[in-house]
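Please open the structure in your viewer and keep a selection tool at hand. The tour below moves from one selection to the next and says what is to be found at each stop.

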Amino acid sequence: MSATEPAAGLASDGYDRRRELLQAFDDTKAGVKGLVDAGVTAIPAIFRHPPESLEATSSPPPTDVVASAGTIPVIDLAAAAPRGEVASQVKRAAETVGFFQVTNHGVPRELMAGVLAGVRRFNEQQPEVKRRFYTRDTARKARFCSNYDLFQSAAANWRDTLFCELAPDPPRPEELPEAVRGVMLEYGDAATKLALWVLELLSESLGLASDHLREMGCAQSLNVASHYYPPCPEPHLTLGTSRHADATFVTVLLQDGTGGLQVLLDRGGWVDVPPLPGALIVNIGDFLQLVSNGRFRSVEHRVLANKSRDTPRVSVACFFNADAKRSTRLYGPITDGGSAPLYKSVTAREFVAYSYSKGLGGRPLEHFRLGAED
């Protein structure tokens, strides 16, 4: 596949050149790193994004935005402050920015470093080893691919991903790649404890019992997406991850020190989420916005293409959700006082399936808003 192939769609004779290019890339089973290893100096056409999706990082947000919610809050979960005050901080962040960084979260630093190193090890091993895990078969609990929505999206992203389904049915150790086998399971357990802690604080901030969201099954399912962003020869023409919101209750994200994650604020434009040593990032997902009846905000975010010449960016995202495979529960908005519900009640299976079918981009949540057209 030529690195300088012009963008092409469906030709007059019905020949879909773009799909052929996508399939040729996918058939290599080497991902984006395979392109980098091959020495490309220009990104293939399938990775080029339209100019409007590549708008630069905004200038600093207005001072009133910064004062209220413009910067990404940093919350000390084990602060000396009363628990109610910590819950209030979490509530403010969830209601405004939808993103916050947490410190003193209980996940050991050495474990965080270990899982990042394991993901990097997996991606930088011999291609033939990685190819054994390259698949788009979602029945497999560990699968490696580049762009899960490759054949749906308008443009591909400059990243590769290792997906691991850890709960509710943990994989057998031999189902996981050797590079992450021990550390991934241990990290998943630690991240789950943190997610449950945050859900307790969010429950309390809504005036509910601490275990309310937990008992609803908001963290029954854990899918881990470990992203590897190789250096990009033309980072101004593509993205590492397109603009999107998470179809989760909550997401716990571990990023390395490279940076590149941005959050879209109402009036501040794209704002960087700077790496903070030892911290983890928590963000509200679409499903929790629905269940909280819009009080907690699921905010769109993206990752810029890696501008480094020789250093990859690595991140590990833990997506916590209800058990979409087995749960038949209807999830609807929790209303208070006389507030009217904003969203339809929906099963986890329907919510996740619809969101997944749309790929990255757009706002699948709007499909479930009352009054929205089907």
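Begin by selecting E174, which is exposed, with a relative accessible area of 51%; here buried means under 20% relative accessible area, exposed over 50% and partly exposed in between, using a 1.4 Å probe and protein chains only. Before going further, note that this is a predicted model, in which local features need pLDDT of at least 70 and side-chain atom pairs count only at pLDDT 80 or more, while totals for chains, interfaces and linings use all residues. Residues are numbered from 1 along each chain as its sequence is written, and side-chain values use heavy atoms, with hydrogens and water left out.

Select K325 and E165 next, whose side chains meet in a salt bridge at 3.3 Å, N to O. K325 lies in the loop between β12 (313-321) and β13 (330-331) and E165 in strand β4 (residues 160-167), so the pair ties together parts that are 160 residues apart in sequence; strands are DSSP runs of E with at least two residues, numbered from the N terminus. K325 is exposed, with a relative accessible area of 55%, whereas E165 is buried at 13%.

Move on to E124 and R120, which form a salt bridge with their closest N and O atoms 3.0 Å apart. E124 is partly exposed at 36% relative accessible area, and R120 is also partly exposed, at 34%.

For the last stop, select H49, S53, S242, R243 and G361, which lie nearest the centre of the second largest pocket among its 19 lining residues. On a 1 Å grid over the protein atoms alone, a pocket is an open set of points where a 1.4 Å probe fits, with protein on both sides within 12 Å along at least five of seven lines, and lining residues have an atom within 4 Å of a point. The second largest pocket has a volume of about 260 Å³, a volume being the space filled by probe spheres set on the points. Strand β6 (residues 239-244) gives the largest share of this lining, three residues.

Definitions and conventions. Salt bridge = Lys/Arg side-chain N within 4 Å of Asp/Glu carboxyl O. Helix = DSSP H or I, 4+ residues; strand = E, 2+ residues; numbered from the N terminus.
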